[in-house]
Amino acid sequence: MSVPDYMQCAEDHQTLLVVVQPVGIVSEENFFKIYKRISSVSQISVRDSQRVLYIRYRHHYPPENNEWGDFQTHRKVVGLITITDCFSAKDWPQTFEKFHVQKEIYGSTLYDSRLFVFGLQGEIAEQPRTDVAFYPNYEDCQTVEKRIEDFIESLFIVLESKRLDRATDKSGDKIPLLCVPFEKKDFVGLDTDSRHYKKRCQGRMRKHVGDLCLQAGMLQDSLVHYHMSVELLRSVNDFLWLGAALEGLCSASVIYHYPGGTGGETGARRFQGSSLPAEAANRHRPGAQEVLIDPGALTTNGINPDTSAEIGRAKNCLSPEDIIDKYKEAISYYSKYKNAGVIELEACVKAVRVLAIQKRSMEASEFLQNAVYINLRQLSEEEKIQRYSILSELYELIGFHRKSAFFKRVAAMQCVAPSIAEPGWRACYKLLLETLPGYSLSLDPKDFSKEKKDVTQSLENYTCKCPGTMELLTLPGGPTLPPVPFTKLPIVRRVKLLNLPASLRPQKMKSLLGQNVSTKSPFIYSPIIAHNRGEERNKKIDFQWVQGDVCEVQLMVYNPMPFELRVENMGLLTSGVEFESLPAALSLPAESGLYPVTLVGVPQTTGTITVNGYHTTVFGVFSDCLLDNLPGVKTSGSTVEVIPALPRLQISTSLPRSAHSLQPSSGDETSTNVSVQLYNGETQQLVIKLENIGMEPLEKLEVTSKILTTKEKLYGDFLSWNLEETLAQFPLQPGKVATFVVNIKVKLDFSCQENLLQDLSDDGISVSGFPLCSPFRQVVRPRVESKPVNPPEGSKPGDPSHVKTLEAILNFKYSGGPGHVEGYYRNLSLGLHVEAEPSVFFTRVSTLPATSTRQCHLLLDVFNSTEHELTVSARGNEELILHAGECQRMAIQVDKFNFESFPESPGEKGQFANPQQLEEERQEARGLEIDSKLDVHWRIPSLKRRGEASVEGLLNQLVLEHLQLAPLQWGFSHPGGPWLLMRKCRSCHLRIGLLAASKRYTCGNSSRRGIFGRIFRKGIQEAGQLPGPQKPQGVSPATRHSALDSGCGATTCGLTGPTPRRHPREPQWEASGGQATAACLGLGFPGWGEGGFPRCENLRHWMAMPRKCGGPLPRVVTGGHSVSGPWLPHG
């Protein structure tokens, strides 16, 4: 083999070589037109398989290289496609004969072939043939790609049959010895029965089968065969074929590690239908070794399933480092054979491409240096040019630019060598131009900076004596020379008028927005008006500038000079209003690229201002540069409206600035951000100083607040203020300061925060409730005794994970001066960042009855979550001292609440109100009322900080029921008057009266079941505290009998009397004995207790034994409801 292929790469080992050649006379344009379509089918997926077949096309291939097909199968021409023109049936036999002659050139290796005939029509073209395709012309050939796919499938069938035939272990058959062309004469007369000879045959055949597996898309099988071949060939010192086996092993490993290919765009491979690309990220791992697989693990269909998992882990694949080592070893074996120079050179090229991907430039340069000194046969001049050009490209690939330029220059000189009859001067010139970057040379005129520097220095010397102006220059002869501005020193590419900062932008009041709208046309839409408005929109900008405020225009400029450019006295050129331009001076670095420059000025009057351009002084020359005369300048508009002057407000606060920059949802910017840390329930005053730093009086001020989106539920007003005190200082003259006070109050619910309650649970304290021993204070468990002195970070109450964040925006809307008259105002926003730490919170809320039915004891388990000792107090109670992390119980006696007297919220009367939402609103209103009556406060003496402790949000429905006045009231009147004081049931409007405690009564409203008996029993228990049955003291029987119209029939009761008589107006009673317990009825009895009931020994006894008493039990039916028990009707 004498002709190297410098474009080869490692992944070419898995391709099938197909030669595409013309037969007869075919124009070059038509041939490459079809060749391009054929070569587009470079890979196909094998049917009923996950394998992919890759094809490499060549339109010229030396036949002598085909003889090395057994050595490396990718060098073997397995397919031939010929293209020919045939326009008559007479020429067809001759054309077909040429096709057979072409096949004979590669006949020994061909798997299949095709002939594409263009121009022939008729009977011959209509005959179905598999090896010949007829097309009328080169345009009407849509099935070319489909024919090529069928052709590749036929190649795969032959390839697979050869692979199976060679891979099958044929016992008793001799394995043929595969040879390269120059070896055939060396093996004449060898002993074919020797063990050494058989191992050589086996090793070469294993290597050959590995090549076939790699071409057939069986990567893992090829790795196994290559490893087995390496061991066999190494044992018999068959160095040439050992090098080929090592190179095949390297190629398979490269394909596995780099599925994208190593040959650039031409060598890129896409693995379709394979899982290899998904695993590519895990392949670059060192340490992969050569692992031999038992030949028994291989079958005719590939690797045995029992060992597929082992192979699937690619243990036979070389690591990226080992790939290079094996390449070096293979090249050293090739170098032992003079006739293998082309193989050695191509292996060096493949290794360099792999090293280029691995970013190992120095090692790649060693391979290239070795390739330079490889001696091949006598090369032609064209082959030498190709060789040096490829070396130059490879050096460029690894980043050796100067070395690349050197070999490119050698190739250029070779184009005009004396031995060439017709020197290629054009090619030589082109190659030499490409060498200039490598030698850091340039032919660009702008690189010659010395001459430009001399000219500018001379210009500056002249302008020092006679400054350059924009005035006309009249020569003595009469001609007048116009001024020439320096529009390209610097070059301006973009002009943009900038809006005022967000805090200074004027806004129009909504009520005045439509007053200035022109209505010249009676039509809603007119194309003429739309057209005129479109022209105006192209120039006028939709924001406003303010009279007396600094306005900005941004220019994007760059310096084209090779040295620093100093620009002096650069300002704006305007028209329309009186404008004070504030000149600027700048220094642009050499060839700076686009550089932003901001020019400023102050409009002195109102109206419409137009920015016409800018003026500069460069090298002593004054220039007025108009935008209309500047080509390539981009602008979004040059006209803007100037409105009357407005005051400017500047704020300063008593709180430190915050590092948190708040971004309101509306997109407005906050001019200042402050932060504060508060304990929950604490109130902090924010003192804001409002200073008028403008030239107009500040006449109007409105303050609003907005709480940014938060998941925390706030109780009460977070921010509150009194604006009247501040407005009393208005109008605020320029330079004056007014004070504005904002109260910040944080009331959040920390009781359900898991990280705070975790320590309580760890201590064994129940956070949901525990038994009560006394209605008074009770120390549950001091946490400071159960925790170490230095608790871990996560358990400290002040840990950042316990802190809740609140953010709000204070918006100041102000106006004054002429701008206020025109309906304009400004907005200034203050961002507030509040971090709330837990102070005290209640882990449990419950109630106990008091001595009066109109009062109760509210029990609160208070937990100190701070790191400091604090005190907790309620209205009318003593202070309770809590240490850090301590939980105690406090009892507060409160009057019960009449929630019926609460006014209904507007939503309750709505037709479509949500019942659940209404109930939540009622519960919040009740919690707020209770919280205001309790007035629980905490105080940290060491920090001199105090705040409120709120129970809002903690009161459940049961606690609220206990705190509510009973829905039934009762009382007694003088004998002879009404028997009982009545009250209507709120829900069912049943008029009922109380005589005795019923175990159960039935009512149409199920929610009222048991309430009567529960309330009455509670009253009896509160009133009757006498231990055991005893005779009542202090009242004589006569007095009792005179006061009672009915008595108790119990034998153990001290109260006796006649049979109960019926009231004249009461209905007939129905006896229902045994259904309930009758209580003693006393009217004005002197011995009653505080609860309004007689102190009877049998009261508690009756509650336990309902059948002891034999008092009559009436049944009254009123209003459709049946009530059983000792009820006395009224009216």
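Predicted model: local features only at pLDDT ≥ 70, side-chain atom pairs only at ≥ 80, totals over all residues.
Some ground rules. Residues are numbered from 1 along each chain as its sequence is written, and side-chain values use heavy atoms, without hydrogens or water. Local features need pLDDT of at least 70, side-chain atom pairs count only at pLDDT 80 or more, and totals for chains, interfaces and linings use all residues.

Now α8, residues 239-257, against α11, residues 320-334. The angle is about 155 degrees, with the axes 8 Å apart. Axes are fitted to C-alpha atoms over the stretch in contact, and angles run from 0 to 180 degrees between N-to-C directions. So α8 is roughly antiparallel to α11 (over 145 degrees). Residues in contact (heavy atoms within 4.5 Å) include Phe239, Leu246 and Val254 of α8 and Ile323, Tyr327 and Tyr334 of α11. Nonpolar means Ala, Val, Leu, Ile, Met, Phe, Trp, Tyr, Cys and Pro; charged means Asp, Glu, Lys and Arg; the others, Gly among them, are polar.

Next, α6, residues 195-215. It packs on α8 at about 25 degrees, axes 10 Å apart. That makes α6 roughly parallel to α8 (under 35 degrees). Here Arg204, Lys207 and Leu214 of α6 meet Trp241, Ala244, Ala245, Ala252 and Ile255 of α8. By class: 6 nonpolar, no polar, 2 charged.

Note on methods:
Helix = DSSP H or I, 4+ residues; strand = E, 2+ residues; numbered from the N terminus. Parallel < 35°, antiparallel > 145°, perpendicular 65-115°, else oblique.
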